[in-house]
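Please look over the model below before reading my comments.

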Amino acid sequence: MIKQDAAGMRTFPEKNIVVDLVITGGGLSGVCAAITAARQGLKVVLVQDRPVLGGNASSEVRLWILGATSHMGNNNRWAREGGVVDEILVENTYRNPEGNPVIFDMILLDKVAQESNITLLLNTTVYQVEKKDEATISALQAYCSQNQTEYRLQAPLFLDASGDGVVGFLAGAAFRMGAEKREEFGELFAPSEEYGELLGHSLYFYSKDTGRPVTFTPPAFALDDITKVPRYRSFNAREYGCKLWWIEYGGRLDTVHDTETIKWELWKVVYGVWNHIKNSGEFPEAANLTLEWVGMIPGKRESRRFEGDYMMIQQDIVEQRTHEDAVAFGGWSIDLHPADGVFSEKPGCNQWHSKGIYQVPYRSLYSRNITNLFLGGRTISASHVAYGSTRVMATAAHVTQAAAMAAVICTEKRLLPAEIIRKGYTQALQQRLLQYGQYIPGLRYKTPDDLAQSATISASSELVLQEYPGQPILRPLDVSVAQMLPLPAGRVPVMTIHAEAEGQGTLEAELRISGKGGNHTPDVILARQSFELKPGRNCLQLAFDAELAEPCYAFVTFFKTPGVQLHYTERRATGLLSVFNTINKAVSNYGKQTPPEDIGMDAFEFWCPQRRPGGHNLDIRIPAGIRAFQPANVSNGLERPVTQPNAWVADWSDAQPALTLSWDKPQHVRHIELFFDTDYDHPMESVLMTHPETAMPFCVRSFRVKDEAGNILFERKDNYQAFHRIELAEPVRTQRLIIEADHPSPEVPAAICAVRCY
């Protein structure tokens, strides 16, 4: 029993927590940052003002996670973000292929709870910053509404991933809110008055079929004149969740301090939209539908953007500018929305893509005037236009992982964030990130500590792509298609393909490459061929008169031809992909991007994959063979396809695929790192959309690591993750390591993307 006498005043209990790093904001960015830092040994507090983790991806908002892959609707191949954010997306796809947002909440909580170095404070709001001096934060004051406890959070380093930048704001960090004028940075896409200062908030709803008629009586505050929403003409009773991203408002208000006002306006719209669907009589298919869920908090797009030592701008994205301090990448379109949101007559978004992914510099990830403050999530240093691309969750999380790893180096070396560059630790940061799967365009992982670098690497077999085993399948050439092939420098080999024609006609083919290394936009035509077809089967020899200056992916392209079928194969392999010149309206892909001349964006065609079970490879035969899958690829410092597959791939006929690392003398091996192929081209949207598989078809499911005597050092079955760090109980002294990797399926050969030994 607790009994207290009357008192004039009481205070809540206070807990003082001292750690290495305090992260504010438990959205996807904060979660990935906390896990990244904790696994490197830092003691971390993750403080979140909501009851669940995930932010816009949580069950409270229910937005799918996307980034550079853009629903597979752009030309960014194998561009899913790496590191912890990729681990989470792969885990969610395996455990939650239906895209249930409540299960995703659970997965995030599970990931954080497994890290003993993380202290998680849910329902806890930061409301005050203590400072050692004008430029240095010493502690945060926070309050938990559920246990009525005050927290004082002390650390030498702080990371603001709160979305609105509460720590940066209270600390006095320089920030911007609203759009820059065109003249400041020479950004030709700087928005007009119609596109306003800020991106608004969105609120979603879910409907459910009850199997019997359901009536709906709207609340008094519901929007009663649906014609105020121009999109009412194209309502769809079957759309729900984040497919309703266009229910947006607030672009002309203060998206921080007016959030509650914006939320009420969105509630009015949501209930007005549902009233129209249920009671207008225009949607008889909605008779049995009930309103199952409406968001309680809006999903925010934009508020404060903080100033770092570098501010990203439109040209960084469109021109894919390189930065010596690159630590992450992005690839979403520059995606600006009309300021009036759902009430605007204009399209709900104005998306313009770049030809490939772009680098994000470290200088944009810390405050220029608060010396111990890292910037994460959507608070990073970017102009309003560049922010239109960097703001999406997978990109934001990938960026924040880099900030967290920088905090690790700062802790180890007793540095402040900006000193990583000034004192020459940039490369160390980049290599540390690359080691754990944080792909950075243009960089490779290399360290003298990796024993695999000095090993002779051999394999039981190697895929030499000459022809696909098995019977071909026929698909109509109803859209233009290209097979991406990893070709070496030099003369393009002769190839053969078969076409089935209903009658006489002409088939046009082209050989294309990308004009920029590492891109996958086929914007350079090297050669053309035209074939006269006869009825029935046609054997076509592709003898393109072309040479390649360097290894790259070439696009063997066939244009839409009615009445013609091409031969495809059921076989798939790491680093091989077919793409199609199709339309994906969800990301403003209409087959070709044709921007106005005065906005600084490029015109080009979209060639995108099909989601499985579609997207089969063309059954092209190459008598000379393509040798792009050698064992040596596993030590080249890349763990995903870029200009080549960057993987060892076994031959389909190999009964026991195995990779062997040999040294001239015995080595002491303490731990081993392996990367497998979890299909970086699949976007793995976290909610709403379902996925064709739980484990990616290219991923090795069962593998064993043996020493030269055949002793099993490690074995794993039912694998579905890309990265494995194997810590041996005792260091092993051996002159050989053998990695046995079973084929994932009869249609897909075993592949290993990277092997490292220490």
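1. Basis. This is a predicted model, in which local features need pLDDT of at least 70, side-chain atom pairs count only at pLDDT 80 or more, and totals for chains, interfaces and linings use all residues. Residues are numbered from 1 along each chain as its sequence is written, and side-chain values use heavy atoms, with hydrogens and water left out.

2. Helix 1 against helix 2. Helix 1 (residues 28-39) packs on helix 2 (residues 84-95) at about 115°, and the axes are 9 Å apart. That makes the two helices roughly perpendicular (the class for 65 to 115 degrees; under 35 is roughly parallel, over 145 roughly antiparallel, the rest oblique). Axes are lines fitted to C-alpha atoms, for helices over the stretch in contact, and angles run from 0 to 180 degrees between N-to-C directions. Helices here are DSSP runs (H or I, at least four residues), as are strands (E, at least two), numbered from the N terminus. The crossing is right-handed (the near helix is turned clockwise from the far one by less than a right angle).

3. Who meets whom. Helix 1 brings Leu28, Val31, Cys32, Ile35, Thr36 and Arg39 to Val84, Val85, Glu87 and Ile88 of helix 2. These residues divide into 7 nonpolar, 1 polar and 2 charged. Contact means heavy atoms within 4.5 Å. Nonpolar covers Ala, Val, Leu, Ile, Met, Phe, Trp, Tyr, Cys and Pro; charged covers Asp, Glu, Lys and Arg; the others, Gly among them, are polar.

4. Helix 2 in its setting. Of its 12 residues, 10 are buried, so helix 2 is largely enclosed by the rest of the structure. Buried means under 20% relative accessible area, exposed over 50%, partly exposed in between (1.4 Å probe, protein chains only). The buried residues of helix 2 pack against helix 1, helix 3 (101-113) and helix 9.

5. Leucine 89. Which residues does leucine 89 touch, not counting residues up to four places away in sequence? They are Ile65, Arg80, Met684 and Ser686. Leucine 89 belongs to helix 2 and counts as buried, at 2% relative accessibility.

6. Helix 9. Helix 9 (residues 393-413) has 21 residues and reaches 30 Å between its first and last C-alpha, close to the 30 Å expected. With 18 of the 21 residues buried, helix 9 is largely enclosed by the rest of the structure. Just after helix 9, arginine 414 has a positive phi of about 55°.

7. Valine 167. This residue sits in helix 4 (residues 166-171). At 1% relative accessibility, valine 167 is buried. Leaving out residues up to four places away in sequence, valine 167 touches Thr24, Val126, Val129, Ile137, Leu140, Asp160 and Leu373.

8. Backbone points to check. Arginine 612 and proline 613 are joined by a cis peptide bond, with omega about 15°. Proline 613 is in the loop between strand 33 (604-605) and strand 34 (617-618). Methionine 72 is not a glycine, yet has a positive phi of about 60°. It lies in the loop between strand 3 (44-47) and helix 2, and is buried at 8% relative accessibility. Serine 588 also has a positive phi, near 55°. Serine 588 lies in the loop between strand 31 (577-580) and strand 32 (592-593), and counts as buried at 19%.

Note on methods:
The expected span of a helix is 1.5 Å times one less than its number of residues.
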